[in-house]
Amino acid sequence: MKAYVFSLSPVEERFFQEWEDQHADDEIKYTTSPLTDDTVDLTKGFDAVSVQQMEQIKDEKIYKALADNGIKHLAIRQVGVDIVDLKLAKKYGIVVSNVPAYSPRAIAENGLTGAMYLLRKWGYYHRKMRRGDFTRPVELMSDEIFNQTVGIVGLGRIGSAAAELYHALGARVIGYDPVYNASLEPFLDFVDLETLIKTADIIQLHIPLNKDNVGMFSANEFAEMKDDAIIVNESRGELIDTKALIVALKYHEIGGAALDVLEGESKIFGRKFEDVGSLPEDYTDLINMPNVVMSPHSAYYTKMAVKNMFFQSMTDIQRTLDGQAAIFQVK
């Protein structure tokens, strides 16, 4: 197998080496840079590529160059496939795969952690304590998770794991998904999206991004939510209208937000800013709110998940090059 790995992160290097040790006959090269028009020439002489990036791969010139270079498989080391153009990949005969089940609990647990942080008012307490105030005012009395109704939007592998976690903690769980899954009945009640938005104390998003659900949570949805409701986004930033979210938080239309993803994150997440003042206004607004907790698209960032992402990606490449169907081929 001859494969080129793009956007290899420092934490993936150990798994890259582990794969090489187990597959001595493979020829694998890597770069820390993403696959772009400027780096596509690195694929010459290889059969497949593996990517894990926020940058879009939508330029037809890239797909043509990949095909001209002999690339047969584009493996994405992540769940979301919105960075690629599946029609262009098909046009140039390139198989696309992702890794939808590398560790559903990693992301589900991250969402639960953010929700609990907000539910127990830690942001408010931390802000007070930094000013030397260690009191417990009545307005910061919190609630317990078993008194909460948790709404999960999207009940695939990750959403299902989240439902099981919240159910195990005693919460009432409701869920919305266009596809009914009877195996989830022990953990939740299926409802329509409108009912979920109006009823849930915590709303957690686990759905893929597509052209139909951009901004699905905006001013109207925030107005329908409970005034103390928490929204948790572990999927894609574009599912939430950021400016509408900021208004809803400032004017107490909702209680809080736990965000692992955000609109425009490809220019922000993964970078270190020496001058925080150079951040976009939306980011500074959210970071400074005591009822917001954020992480830089790191819900997946566990040892097990990162290894599985790399190994599953490479395994599917190997299957394609051996004439077999990729396990996680995206069509």
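Q: What makes the contact of aspartate 285 with lysine 250 a salt bridge?
A: The closest N and O atoms of aspartate 285 and lysine 250 are 3.9 Å apart. A salt bridge is a side-chain nitrogen of Lys or Arg within 4 Å of a carboxyl oxygen of Asp or Glu, so this pair counts as one. The model is predicted, so local features need pLDDT of at least 70 and side-chain atom pairs count only at pLDDT 80 or more, while totals for chains, interfaces and linings use all residues. Residues are numbered from 1 along each chain as its sequence is written, and side-chain values use heavy atoms, with hydrogens and water left out.

Q: Which parts does the pair of aspartate 285 and lysine 250 tie together?
A: Aspartate 285 lies in helix α10 (residues 281-287) and lysine 250 in helix α9 (residues 242-250), so parts 35 residues apart in sequence are tied together. Helices (H or I, at least four residues) and strands (E, at least two) are DSSP runs, numbered from the N terminus.

Q: How do you know that the side chains of lysine 91 and glutamate 60 meet in a salt bridge?
A: Their N to O distance is 2.6 Å, which is within the cut-off. Lysine 91 is in helix α3 (residues 86-91) and glutamate 60 in helix α2 (residues 60-68), 31 residues apart. With a relative accessibility of 55%, lysine 91 counts as exposed, whereas glutamate 60, at 32%, is partly exposed.

Q: What makes aspartate 201 and lysine 226 a salt bridge?
A: The N to O distance between their side chains is 2.9 Å, again within the limit. Aspartate 201 sits in the loop between α7 (193-199) and β9 (202-205), and lysine 226 in the loop between α8 (219-224) and β10 (230-233), 25 residues apart. Aspartate 201 has a relative accessible area of 11%, and is therefore buried. Lysine 226 has 31%, so the term for lysine 226 is partly exposed.

Q: How many salt bridges does the structure hold?
A: The structure holds 16 salt bridges. Glu194, Lys198 and Glu224 are linked in a network of them.

Q: Why are β8 and β12 called edge strands?
A: The open sheet of seven strands has the order β8-β7-β6-β9-β10-β11-β12, with parallel pairing. β8 (189-190) and β12 (292-294) each pair on one side only. Two strands pair if DSSP finds at least two bridges between them.

Methods:
Buried < 20%, exposed > 50% of the residue type's maximum accessible area, 1.4 Å probe, protein only.
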